[in-house]
Amino acid sequence: MRDSDNGDSQRPGSQSSLKSANQHRVVRALQTSGELTQAEIARRTGLAPATVSNMVKELTAAGMVAVPGGDHPGQRGRAVRLTRRMGLAVGIDFGHRHLTVAVADMAHEVLAEERVELGTGHRAEDGVVQAGALLDAALDRLGCDRKSVLAVGMGLPAPLETDTGEVGGPSILPGWVGVDAAAIASEYLGTAVHVDNDANLGVLAEHMWGAGRGTTDLAYIKLSDGVGAGLVLDGRLYRGRGGTAGEIGHLTLDEFGQVCRCGNRGCLETLVASHVVIGLLAPSRGPDLSIADIVAMAEGGDAACIRVLADTGRHVGVAAASLCNLVNPERLVIGGELALAGELLLGPMREVVGRYAVPSAVRSLDIRVAELGPRAQVLGAVALGLRSALPA
Ligand SMILES: [Zn+2]
């Protein structure tokens, strides 16, 4: 609907509903992007610049939007953002040995982050109670309470059964297996909780705050003990019908290779998972290495470590070339523990992607390292909360 062709304007009451519909569009555009100039709001909503200007003045007067650093909210070049009064989104991340809770406003600013150590043996209910306590502490510091929370995103280091929503096994968090994590967390916290896997959270976080900012079609590959991809296509998280889109870790690279935990053989994960990389170097470089140790040794010139990281990059490159042929992303971001290797891994990977992908699929492809490191999970959970809080 364009501003000028409001055919309903003659009907009684229609003007006020148009105003509220326009207001809704402006608020939605701001909530999607975090911050926009008035010109950008006009472009995204299709509203006339004068209409946007009036709308911003009204919303500012109502305390719903602010123009940071500007005394003149009418100035079109300044970025406009929603205020804290418009609500908060929360991310909860259950990691391997910790629990992190982060709170952001609708302008995508992370206002608080709380973290505690948490053993892997806890029961799901106890984990949720701990998350609630951590959330209350964060909200308290912000002078807010749970009523301000519009939506919560949550990450668990475990597979999720897409048809039942239950946490699958085997999991490093045995107390969560068979539990409908979203349901028990929603009930306890009194607000909608959305759960997603680590690759999807990673792509959401990198898209909103990290190496994928400003892209419309983004692929993210997480290389850790598990290997998976998250996809933002046409600006939206793509999960596929049953939520398994992006299972790049189980692309077959060697039909007669190692047996994978999924039951197939020679999956990408059997070649590049962190423990596999460490295992390749254990006989010659010692049994207690971490990926950080291997990267440090490679940077110091250790030929075996350089070789193993390069081979890892080449294997990932073969799978990434197929991914690029299928979805043609504009950027590919590599995250997870192995991203520490930087160009030692990305250089050989780029070479293989260039060799195996269709030239048009990778001509303008940009492959880079993730920026958010271990914070990607909790920030991804916040991003999931922010997306879930968007008005319909
Ligand atoms: Zn597999």
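The centres of domain 2 and domain 3, taken over C-alpha atoms, are separated by 27 Å. In the contact, domain 2 takes part with nine residues and domain 3 with eleven residues. This is a predicted model, and the domain bounds used here come from a domain assignment of the protein chain. Under that assignment domain 1 covers 3–85, domain 2 covers 87–200 + 377–388, and domain 3 covers 211–371.

The interface of domain 2 and domain 3 can be described by its area. The size of an interface is often given as the accessible area lost when the parts come together. Here about 780 Å² is buried between domain 2 and domain 3, and carbon and sulfur atoms give 41% of that area. On the side of domain 2, Ala-199, Asn-200 and Arg-387 supply 55% of the area buried against domain 3, more than any other three residues.

Charged side chains also meet across this boundary. The rule finds two salt bridges across the interface of domain 2 and domain 3. Elsewhere in the list of pairs to inspect is Asp-198, which forms a salt bridge with Lys-222. The closest N and O atoms of Asp-198 and Lys-222 are 3.2 Å apart.

Cys-262 has a relative accessible area of 39%, so Cys-262 counts as partly exposed.

A last point is confidence. The protein chain has a mean pLDDT of 90, and 93% of its residues reach 70 or more. Over residues 1–15, however, the pLDDT is below 50. Beyond near neighbours in sequence, this stretch has twelve contacts in the model.

How values were computed: Residues numbered from 1 in each chain as written. Predicted model: local features only at pLDDT ≥ 70, side-chain atom pairs only at ≥ 80, totals over all residues. Heavy atoms only, no water. pLDDT = per-residue confidence, 0-100. Contact = heavy atoms within 4.5 Å. Buried < 20%, exposed > 50% of the residue type's maximum accessible area, 1.4 Å probe, protein only. Domains from an automatic or database assignment. Buried area = accessible area lost by both parts, 1.4 Å probe. Salt bridge = Lys/Arg side-chain N within 4 Å of Asp/Glu carboxyl O.
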